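Q: Could you take a close look at one spot in this model for me? I'd like to go through a single residue and its surroundings.

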Amino acid sequence: MALLKLENVTKRFGGLTAVDRVSLEIAHGEAIGIVGPNGSGKTTLFNIISGVYPPDEGRVFFEGEDITRLPPYKRTHLGIGRTFQIPRPFSAATVRENVAIGAMFGTLSGNVRVDEALEIADRYLKLTGFYEQRDKISGKLTPVEKKMMEIARALAMRPKLLLLDESMAGMPPKDIDGMIKFLKKVKEEEGIAIVSMVEHIMRAVAGFAQRVVVMHQGRKLLEAPTAEALSDSRVVDIYLGRPSEEAEDAESRRS
Amino acid sequence: MRRFYPLIPVLLLYLVLYVIGSEVRGMWQPMALLAFYAALGQAFNIFLGMTGYVDFGYVAFLALGSYGMALSVSSLYESPWLGEGIILIGLLLGLAMAAVLSLAVGAIALRLRGAYFAIATIGVNEGFRYLIEGVKLWGGSEGIIISRPLREAFGAAGANQLSTFWADTLIYLIAALAALITLLYMRSKISYALTALREDEDAAKVMGVHTTKYKIIAFITSAALGGLIGAAGWTLKLTYVFPADVFNITYTVEAIVIVLLGGAGTLLGPLSGGLIYAALKYWLSVTFPGLQLLILAPIILLIIVAFPQGLIGVLKAKVKGTPLEKVIV
């Protein structure tokens, strides 16, 4: 049984169809990259999976259960954790408290005590190399640090499926490599399926994902093994644009 | 026990007020006024301070509490075997009525966010007042006067003792109870959930926080304590309840000012805010009668602009890393 299954999911905002009949299956423990330019519907897709809003059409299944209309906090309990493209820390709280909130409310059992949650938080803060900063007010972290903290917070929820929304944007290449190593380790050790969404840092996808889904104008343009997908001419086209006919004509006349 | 240390300064402050009130001649009423406003702030803070939601209809909970007491005394005074139980039933009825109203209001209004919630609640007290006056519920616009029933049940001296001593003493106890509940919430999952939803409600939901549940917990707690304050501090003390008096939005505004002044979401904040506000108001109304609000408003404005975190918010930042950190929360 698939961990997550989307069936012809559509979401419209007024006249704009942000996600258009997208179907997708993700297996337990799989690493998937979702790529696509700005406005291709990636974040909307994440919001539908995590339950921020329901789709207008289509259905969402998690481990065989229909969760299309399930409120977000209940999805969390089933095992869906996520980060945000623009980090959303609980700014007034410390780093440790932020992660503890994930552990306290986001886990499957749902009855984690405060002191247990703080211990779990410490464990994930050590894992993400954030332990030293645990008493810092989270609102004062740099954007990249906030992204790391969100990953720790999502991991503390012990998800089966982790949705990373542009978690590596803004990171220097060295850190991206470190991050990929870290995510691989987490995926192996905790058996988490990870969906990483990126706009243009292909490095982040290439080193990590087994499979890539390419989104374009709300549609699923392509779904293929990573290497194959990233070299597909259609993918190159949506990022770099297709030469116009005039340009091609000019080119041919010159030669 | 260590977790209850922060209660020490709170209870000490109330004790000081109480002792000054009972030992210094003529100070009982002024001290009771301070305690009333501190209790009001402490009760309202559990909702406003901890969730960040502004309830403009808060006074309606105090009002229903005061009706609870009035209804209990006026309908049970002929049962002498109940004794002081009449007062206890009045308190519980006031608490229950406020809690039921908060559940009804919360179930609808707490689905709304921020300013929309505030607007939705603004009509609650006015609406209730017109309902009571319009359908002549609970005595309609004439209200309920309990001075005679109180005298018949407890005798002249007993009734006097109840309204001049016990009503105020109960306010001290309710304030202490509100402080205890605040601290218990602050040390439990509730405070983490409320912090999360106050900072970012959508993110909180995606982190697994059942936001509606925790908002309602804070709302009902705050309302129930408000009901107790209305029952003891208004009806029992004044021995009457008039809809035009108890549904007055001024008290909601005062409660908001007190919480912001002292520091929203803190334990000591609403207490210190209540003391400062009530003391200023009392002093100004004695020194500049009639002009007190005109002078008070700019002072409060200045304080809130200078200390947006509130007094205790600033103090908390100052004592961070010192041993005082454990006590000032």
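Which residues does P72(A) touch, not counting residues up to four places away in sequence?

A: First, some housekeeping: this is a predicted model, where local features need pLDDT of at least 70, side-chain atom pairs count only at pLDDT 80 or more, and totals for chains, interfaces and linings use all residues. Residues are numbered from 1 along each chain as its sequence is written, while chains are lettered from A and ligands numbered from 1 in the order in which they are written.

Now to your residue. Leaving out residues up to four places away in sequence, P72(A) touches S50(A), G51(A) and V52(A), plus K205(B) and V206(B); touching, or being in contact, means that two C-beta atoms, placed from the backbone, lie within 7 Å. P72(A) is found in helix α2 of chain A, a helix being a DSSP run of H or I with at least four residues, numbered from the N terminus. P72(A) counts as buried because 23 other C-beta atoms lie within 10 Å, and the cut-off for buried is 20 or more. N47(A) is 25 residues away from P72(A) in sequence, yet 9.4 Å away in space, C-alpha to C-alpha.

Zooming out to the interface, 23 residues of chain A are in contact with 16 residues of chain B. On the chain A side, α2 (72-78) and α3 (95-106) each supply at least two residues. The largest share, seven residues, comes from α3(A).

Terms used:
A residue is buried if 20 or more other C-beta atoms lie within 10 Å of its own, exposed if 12 or fewer, and partly exposed in between; C-beta atoms are placed from the backbone.
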